[in-house]
Amino acid sequence: NTRLAEALTNCPDDLREYYISLLQKKEEGEEYKPDFYTLTEMKNILAGEVKPPVYSTGWGDLDKVSAGGMAAGETVLCAAAAGMGKTHFAVNLAANFAKLGRSVFYLTMEDGYRMIMERFEQLGVLDPLGEHIILMKEDEFTIKNGMSILRRAIDDSSLIIIDNLFSLPLRQSAKGDYWTSQAEWVDDLCNMVRSTDSTCLILHHLNKDKSNQSERWQIAGSTRLVNRVAQVWLMQRSESDPLQIDRKSTRL
């Protein structure tokens, strides 16, 4: 589902044309907003004129299980239990991108600006505010300016990192429902990134499933989060400490 256009190249001609005709009919409606490719984008990709780049994560094993890495236009949700190393992973990913000359926008909403700065320095990225990495303080990102900041970041950066989803401000449209607010942030990020050469990583939490005694974990919040993003990466401590996942609410 994450590479629909590529999949369609292997479909029978009549099925492909039928799908395109459905898009054409939908685009004629004023209220229609495509949730994947527009008709023009789809035709260009099918014709081989557009091929979104795929950015290596810097780790060969991760690239192998993620179709080469993080593709332009895709949003990845990285989920793990508290204290498992989500931020450490994200900082290393940002450093990998920066070392290859790619720009990164890092929004730290939980651990604080100073701590993230220290982590970059420990990795040898001495100037996170310099040429390749833009690090934003948590108090600079608000509900009023959040969308405009993200739009600028997507225009200027190859990788956008949100650390983390739980710490983003409550959306007014969610009417106090925190799960709905999170889902709306993810929806907007996916829509903004979709037609660009940028890619986005959203850090999120796994919680213990209290409804059973099997010690399973589940992604916190609405299933909309999982269904909307292109990939879900789940982190565990080691092979000797396997993480039991509720597969009804997650996918790899």
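**Exercise 1. Salt bridges**

How many salt bridges does a search of the whole structure find?

Solution. 
Step 1. The search of the whole structure, a predicted model, returns two salt bridges. The cut-off is a side-chain nitrogen of Lys or Arg within 4 Å of a carboxyl oxygen of Asp or Glu.
Step 2. Arginine 171 sits in the loop between strand 6 and helix 8, while aspartate 188 belongs to helix 8, so the bridge ties together parts 17 residues apart in sequence.
Step 3. Arginine 171 has 14% relative accessibility and therefore counts as buried, given that buried means under 20%.
Step 4. Arginine 228 pairs with aspartate 187, and here the closest N and O atoms are 3.4 Å apart. Because arginine 228 is in helix 9 (residues 224–228) and aspartate 187 is in helix 8, this bridge ties together parts 41 residues apart in sequence.
Step 5. Aspartate 187 is buried at 17% relative accessible area, whereas arginine 228, at 24%, is partly exposed.

**Exercise 2. Packing of helix 7 and helix 8**

At what angle do the axes of helix 7 and helix 8 cross, and which residues meet?

Solution. 
Step 1. The axis of helix 7 (residues 146–156) comes within 10 Å of the axis of helix 8, and the two cross at roughly 30°.
Step 2. Angles under 35 degrees count as roughly parallel, so helix 7 is roughly parallel to helix 8.
Step 3. The crossing of helix 7 and helix 8 is right-handed.
Step 4. From helix 7, the contact involves Gly146, Met147, Leu150, Arg151 and Ile154; from helix 8, it involves Trp185, Asp188, Leu189, Met192 and Val193.
Step 5. Sorted by class, this contact holds seven nonpolar residues, one polar and two charged.

**Exercise 3. Backbone geometry in two loops**

Which peptide bond is cis, and where does alanine 67, with its positive phi, lie?

Solution. 
Step 1. The bond from aspartate 163 to asparagine 164 is cis, its omega being near 5°.
Step 2. Asparagine 164 is in the loop that runs between strand 6 (159–163) and helix 8 (178–194). Arginine 171 also lies in the loop between strand 6 and helix 8.
Step 3. Alanine 67 is not a glycine, yet its phi is positive, at about 55°. Its location is the loop between helix 4 (60–65) and strand 2 (70–71).

Methods
Residues numbered from 1 in each chain as written. Predicted model: local features only at pLDDT ≥ 70, side-chain atom pairs only at ≥ 80, totals over all residues. Heavy atoms only, no water. Helix = DSSP H or I, 4+ residues; strand = E, 2+ residues; numbered from the N terminus. Axes fitted to C-alpha atoms, helices over the stretch in contact; angles between N-to-C directions. Parallel < 35°, antiparallel > 145°, perpendicular 65-115°, else oblique. Left-handed = near helix turned anticlockwise from the far one by under 90°. Contact = heavy atoms within 4.5 Å. Nonpolar A, V, L, I, M, F, W, Y, C, P; charged D, E, K, R; others polar. Buried < 20%, exposed > 50% of the residue type's maximum accessible area, 1.4 Å probe, protein only.
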